[in-house]
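User: Got a model to go through with you. Can we start with the pockets and then move on to the helices?
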Amino acid sequence: MDAINKEPEALEAAFQAKVDAEQRIEPKDWMPEKYRQTLIRQMSQHAHSEVVGMLPEGNWLTRAPSLKRKAILMAKIQDEGGHGLYLYSAAETLGISRDEMFEQLHSGKAKYSTIFNYPTLSWADIGAIGWLVDGAAIVNQIALCRCSYGPYARAMIRICKEESFHQRQGYEIMMTMAQGTKEQREMAQDALNRWWWPTLMMFGPHDRESAHSGQSMKWKIKRQSNDDLRQKFIDATVPQAEFLGLRIPDDKLKWNEERGHYDFGEIDWEEFRSVVNGNGLCNRERLQARVDAHDGGRWVREAALAHAAKKEARKVEAA
């Protein structure tokens, strides 16, 4: 009886030893149920964010300022759809179905990144999203390439390569506008003013207030804390804004020689919590768009399943 009681502890000890030794956990390996659930929560949220993130940019496909800009934006949006596919497929290796993940999103049980609940008011917003939002995603996701769960880590390698293109595309838009007319420079600055603080919120609450960070770090799902990643993003992005001749909308932003990092003002965490709880400017619009798209494509899924069943039946008859 004692041996039976100790078995879960022995399994968890062996699991943690494998993680500590930097060995990847694969779908058929034993893992603690909380590890599996943590990954499902994080990976499904990541997948939902990629797919919902197509919506604010899709708003500008028909209004891009040139055919070249439209083609680039279309390619980027297609990339985001592919990222969602990789991540949904990786999450399915943990025993959850895609239908269940969709149901969790549509019911509001599962979350996606708060950043996508803000509207895109001008073409400069497309540049700001690429430069800031995708730039923040890269900072966060590079560490995920070394995640302890194999399918997630492998998916992130390709995603990060494509996100790097997205970041450069956004920065190039901002550079063009910053070097353009007075009106274009004002649009670029306005976009930076509106997207800066929501982008900093993307990294999540302070470490001391994060419910999942500690355990995720121990399991090496995460490699760096929320605050460390946010600081890394700020340190990299401020010089980029200075090069563009744009001003970061933070009166408390200044270089701290002693720390070797930028000091910055406090984030409005009330706004963050409000958006997380469904009260952002576009929460309802984004979620309804996803529900409508899913319901509208039902006949395609049913037709595909019927066709596959018919092909299988013909194989059986021929045999």
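Analyst: First, the term. On a 1 Å grid over the protein atoms alone, a pocket is an open set of points where a 1.4 Å probe fits, with protein on both sides within 12 Å along at least five of seven lines; lining residues have an atom within 4 Å of a point.

User: Which residues line the second largest pocket?
Analyst: The lining is Val51, Gly81, Leu85, Tyr88, Arg98, Phe102, His106, Arg290, His294, Gly297 and Arg301. H4, helix H5 (98-107) and helix H12 (283-296) are the elements that give two or more residues to that lining. Helices here are DSSP runs of H or I, at least four residues, numbered from the N terminus.

User: What volume does the second largest pocket have?
Analyst: About 210 Å³. That is the space filled by probe spheres set on the points, with grid points joined across faces, edges and corners.

User: What should I know about the model itself?
Analyst: It is predicted: local features need pLDDT of at least 70, side-chain atom pairs count only at pLDDT 80 or more, and totals for chains, interfaces and linings use all residues. Residues are numbered from 1 along each chain as its sequence is written, and side-chain values use heavy atoms, with hydrogens and water left out.

User: Arg69 next. Is it buried or exposed?
Analyst: Buried, with a relative accessible area of 16%. The cut-offs are under 20% for buried, over 50% for exposed and partly exposed in between, using a 1.4 Å probe and protein chains only. Arg69 lies in helix H4, residues 67-92.

User: What does Arg69 touch?
Analyst: Ala64, Trp123, Glu172, Ile173 and Thr176, leaving out residues up to four places away in sequence. Contact means heavy atoms within 4.5 Å.

User: And which side chain makes a polar contact with the side chain of Arg69?
Analyst: That of Thr176, at 3.5 Å. A polar contact is a pair of N or O atoms within 3.5 Å; within protein, one must be able to donate a hydrogen and the other to accept it, and residues adjacent in sequence count only if both atoms are side-chain atoms.

User: Switching to H6. Why call it largely enclosed?
Analyst: Because 20 of its 22 residues are buried.

User: Where does H6 bend?
Analyst: At Ile129, by about 35°. The bend is the angle between axes fitted to the seven residues ending there and the seven starting there.

User: What about Cys160?
Analyst: Cys160 sits in helix H7, residues 150-178. It is buried, at 8%. Beyond four places in sequence, Cys160 touches Gln141, Ile142 and Cys145.
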